[in-house]
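Good morning, colleagues. I would ask you to look first at the sequence and the coordinates, and then to follow me through a few local features.

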Amino acid sequence: MKPTKIISLVAVAALLGWHASAQNYDTNGDYVQTFAGSGFSGYLDGVGQLTMFNYPNAIVADSSSNLFVLDSGNYRIRKIAPDGTVSTFAGGGGGGLPGYGTNVSLFSSFGSMTIDHSNALWIISGFSLLRIGSNAYVSNIVLNGLSGSSGVCVDSGNNIYYSTYNGNQIYRWRTNGVLELFAGSGNSGAIDGNGIFTSFSNPSALAADAADNIYVWDSGNNLIRRIDQSRNVTTLAGIFNHSSNADGVGTNATFYGISSMCSDNAGNIYIALGLGGSPGSYIRKMNAQTNVVTMAGSFTQTGYTNGAGKLARFGGAQGVCISGGTIYVADSSNQRIRSITNNPQPQTVSGANLGIGTFAGITITGLVGRTYQIQTSPDMNAWTTRATLLLTSSPYLWIDQNPVSGNKFYRALLLP
């Protein structure tokens, strides 16, 4: 046989004062898969699901689609290449700060993380801010009011914004090194207005959109607030002091809590919840019209399940980012990095990723931890499934142990 290169709900509950309301799922066919991590807690670099993390709680993406994970239990920053290769970017050494990459020790409590437009990471660490450049040079910056509960984000001009959880204010640290109060009087409250003539209560997670609006999870008020560049503060979603989950538009939507937020270029805000105290874990989306829907996960359940959005389960969706149209989630309690895509279809493995030889079978260069289907055909019209396999290494050699007379063609499909 000669192989050839033809490749071609409403949930209602009561638990310690918590309750849930309508959960409306996104209609875009969101599908959750595992991108990296074996589910075992530990420290192991490698590829895809043949790796280990220890409570990954934040994730960002650079301009080359590399992911950076704040692997808090290992006190390291892990890097995941687009092909799923996991390496250690910073931390794990014995040196102090400043210093380079894996030479330094990052033994401190980690909070939130963002990445700027020069691909430098900014991380809330204890009561200071770490900057890790694209060359892995780590420096330590001490600013007013930082704490482990502070949020951090960056605008289009690489200005850094952070929240003071206990100080009830939002600061901006400009690229020229000037620190300024951006919004909030310091008084606890939920008053909209301009600049310092406003109030917040324990503001934490932050996100910035393409227009440099700053979104604030005002955790003490259970509200999502927006600050524009004129420093006008507006309440967009949530009900004051209302601890529940309900999808809906604007102030008809409610939030039990938010772990992190990120934005895309279309004005959508993606919201992750994996905080303790909530009976569920999920990813939600708020569009530019403030319509809030659930992309994946549940208001009432946690666990580990891949699949369509409403069936998927997270153990602790702590971090969220978007890269190349794919949503990535740091699922802390499951020790995994999960991905969410829209309407995934089997992808034909082609070109340099599929090899043939004198044997009856094929060689696949693909994504470790993902499932592939091998098909054969006598005429390239009718295809028969011969094997479904989980890629445990790459390249992966599959040999047809029982070739059927007449089969001449092989192909491989990457399954969603």
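Predicted model: local features only at pLDDT ≥ 70, side-chain atom pairs only at ≥ 80, totals over all residues.

**The largest cavity**

The largest cavity has a volume of about 50 Å³. A cavity here is a set of points on a 1 Å grid over the protein atoms alone, where a 1.4 Å probe fits but cannot get out, and lining residues have an atom within 4 Å of a point. Grid points are joined across faces, edges and corners, and the volume is the space filled by probe spheres set on the points.

Residues are numbered from 1 along each chain as its sequence is written, and side-chain values use heavy atoms, with hydrogens and water left out.

Which residues line the largest cavity? They are Thr34, Phe35, Gly48, Asp83, Gly84, Leu367, Val368 and Arg370. By class, this lining has 3 nonpolar, 3 polar and 2 charged residues. In that scheme Ala, Val, Leu, Ile, Met, Phe, Trp, Tyr, Cys and Pro are nonpolar, Asp, Glu, Lys and Arg are charged, and the others, Gly among them, are polar.

Arg284 is found in strand β26, residues 281–286; strands (E, at least two residues) are DSSP runs, numbered from the N terminus. Is Arg284 buried or exposed? Arg284 counts as buried because its relative accessibility is 0%. The classes are buried under 20% relative accessible area, exposed over 50%, and partly exposed in between, with a 1.4 Å probe and protein chains only.

What does the Arg284 side chain contact? There is a polar contact with the side chain of Asp247, at 2.9 Å.

Asn221 is placed in the loop between β19 (214–218) and β20 (223–227). With a relative accessible area of 3%, Asn221 is buried, and its side chain reaches the backbone oxygen of Gly189 at 2.8 Å.

Asp155, in the loop between β13 (152–154) and β14 (160–164), likewise counts as buried, at 3% relative accessibility. The C-alpha atoms of Asp155 and Ala266 are separated by 15 Å, and these residues are 111 apart along the chain. Glu180 lies in strand β16, residues 179–183, and is buried at 17% relative accessibility.

Now to the aromatic rings. A pair of aromatic rings is described by the distance of the centres and the angle of the planes. Rings of Phe, Tyr and Trp (its six-membered ring) pair if their centres lie within 6.5 Å; planes under 30 degrees apart count as stacked, over 60 as edge-to-face, and the rest as tilted. The count by this rule comes to 11 aromatic pairs. One of them is the tilted pair of Tyr75 and Phe110, at 6.5 Å centre to centre and 50° between the planes. This pair links distant parts of the chain, 35 residues apart: Tyr75 is in the loop between β5 (67–71) and β6 (76–80), and Phe110 is in strand β9 (residues 110–115).

Together with Phe107, Tyr75 and Phe110 form one aromatic cluster.

Two arginines also meet aromatic rings. The charged end of Arg225 sits over the ring of Phe200, 4.7 Å from its centre, and Arg336 lies over the face of Tyr304, at 3.6 Å from the ring centre. The criterion is NZ of Lys or CZ of Arg within 6 Å of the ring centre and within 35 degrees of the ring normal.

Finally, the backbone. The peptide bond from Leu97 to Pro98 is cis, with omega near 0°, and Pro98 lies in the loop between β7 (85–90) and β8 (99–100). The peptide bond from Ser394 to Pro395 is also cis, with omega near 0°; Pro395 lies in the loop between β36 (384–390) and β37 (396–399).

Ala136, a residue other than glycine, has a positive phi near 70°. Ala136 is found in the loop between β11 (128–132) and β12 (137–141), and is buried with a relative accessible area of 10%.

Notes
Helix = DSSP H or I, 4+ residues; strand = E, 2+ residues; numbered from the N terminus. Polar contact = N/O pair within 3.5 Å; in protein donor to acceptor, adjacent residues only side chain to side chain. 1 Å grid on protein atoms, 1.4 Å probe; cavity = no way out; pocket = protein on both sides within 12 Å on 5 of 7 lines; lining within 4 Å.
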